[in-house]
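Here is a short report on how one chain is put together. Look over the sequence and structure first, then read on.

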Amino acid sequence: MSDLILLDDELDEDCYRARLAASLMGVPVLLRAVDVIPGNEQDTLSFRALSPSGHLPALTGATDPADALPAICGAEAILLTFAALSADKAWQPSTPMETGAVAHWMTFASRDLRPAMRLRRKAMFGGDGDDCAWLSATHDAFRIMEDHMVLRRISGHGWFAGEAPTLADIALFPSFALCRDAGTEQDAYPTLRRWMRRVKTLPGFIAMPGIPDYG
Amino acid sequence: MQETNGHRVGGWQPLMLALDLPPLTVSGAQIGEQKLAVWRDSHGQVHASDDRCPHRGMRLSLGFVREDMLACLYHGWRFDESGHCRVIPAHPGVTPASTICVPVFPVAECMGLIWSRADGVATGAGPETEWRLPEGGSVTPVRTLTIKASLKTVMARLGATAGQSVRMLVTTGSGAVLPLLIVARPVGHDRTQCHLLLEGTVSQEDCEQAAFWAKDFRNTAERCDTGADYCV
């Protein structure tokens, strides 16, 4: 297999998902910075040749030349790819129930946490959008996560699915850890704060601007 | 209306479950208009200070605990339990002047909760008396939940008086009786923070049932009070 190259934007939340996953899973990747702001490089023909919808992150070097797919695009897809590539098999769900739970929370991260990601992007880089609706949806999503982790704590668990950290935790972590970039408070989610600290202590954890690696 | 707006909130206020503040961590809290940084040292002792670093105004609740001092995220200034600045990393040879300090607030840990007060009163009755907490015995903490409804609405649903703990027996679908202890206070704009505990040492299943009851209660209270909104 050729070198894995992650087309990356340092300040993008989804790109951080991919970088964090690679680091936690011990998958070596080369980073290639894409000039999203201010360059709009994601709209250039050369980038669209790799990621047709202009979506970041994108991963090259992991596809079969025979299937004509130049890059794996999107955080969820890249997380699944890394888990399959990792020598550490603990990142692959071990039971059908865990597979289902991990898929549930990965879908939740890409769908229900989208308003939190948009809120942060607008707060940092400007643009249009309904802050009020996004903020309300962000709190709705965090509340669902907090409710879940309260029940997990009561039953003696510290992670979203299964006995150990999974792709679910990696997919969910960035939106909660970065929400203060958009001024969203974490104090109403004490169980998520404790889980956030737990994630930060994992071997291979890496931070990004906006996430202190201590605390 | 916001019960706390423009008024100094008097008396002990229940801020969080004790289990939600592990040693060597800091959390933000608010009493009326007063923002607090609440932190726990390596000996398990809880402290509270104003949530503002005197250096650059950074919120200390975003900082971290090092060597039993609260450190600011910006430049690492460290404040001890009395609020005095003890370390300025950029000037390691300098002993910070005693005038560099943050206001501190009294803290009590009782009934599985962390309490503080921002009314300047240093003496007087403890939270047990003020909130009429059950005497003696142990409690099992369940969770804290924020309800998008006024304290008035929440207390009316509970059939109880604001500013006092609520003891109630709830029968679950499976016939178990849960001895709930609820301590509620207003936070922010038209929201209520409810700390839910169970009296005595109870099973994991009872704890789960209490957590389910709390979600149902929150849903009911929020349907009664649709005025609360995050965008104000």
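Into which domains is chain A divided? There are two entries: domain 1 (5-89) and domain 2 (93-200). Domain bounds come from an automatic or database domain assignment. The model is predicted: local features need pLDDT of at least 70, side-chain atom pairs count only at pLDDT 80 or more, and totals for chains, interfaces and linings use all residues. Residues are numbered from 1 along each chain as its sequence is written, while chains are lettered from A and ligands numbered from 1 in the order in which they are written.

**Between the domains**

Over C-alpha atoms, the centres of domain 1 and domain 2 of chain A lie 21 Å apart. Their contact draws 11 residues from domain 1 of chain A and 12 residues from domain 2 of chain A. Contact here puts the C-beta atoms of two residues, placed from the backbone, within 7 Å. On the domain 1 side, helix H1 (13-25) and helix H3 (75-85) of chain A each supply at least two residues. H1(A) gives the largest share of that side, 6 residues. Helices are DSSP runs (H or I, at least four residues), numbered from the N terminus.

**Two packed helices**

H7(A) and H8(A) pack at about 115 degrees, with axes 10 Å apart. Axes are lines fitted to C-alpha atoms over the stretch in contact, and angles run from 0 to 180 degrees between N-to-C directions.

| Helix | Residues | Contact residues |
|---|---|---|
| H7(A) | 167-177 | A:Asp169, A:Phe173, A:Phe176, A:Ala177 |
| H8(A) | 190-200 | A:Leu192, A:Met196, A:Val199 |
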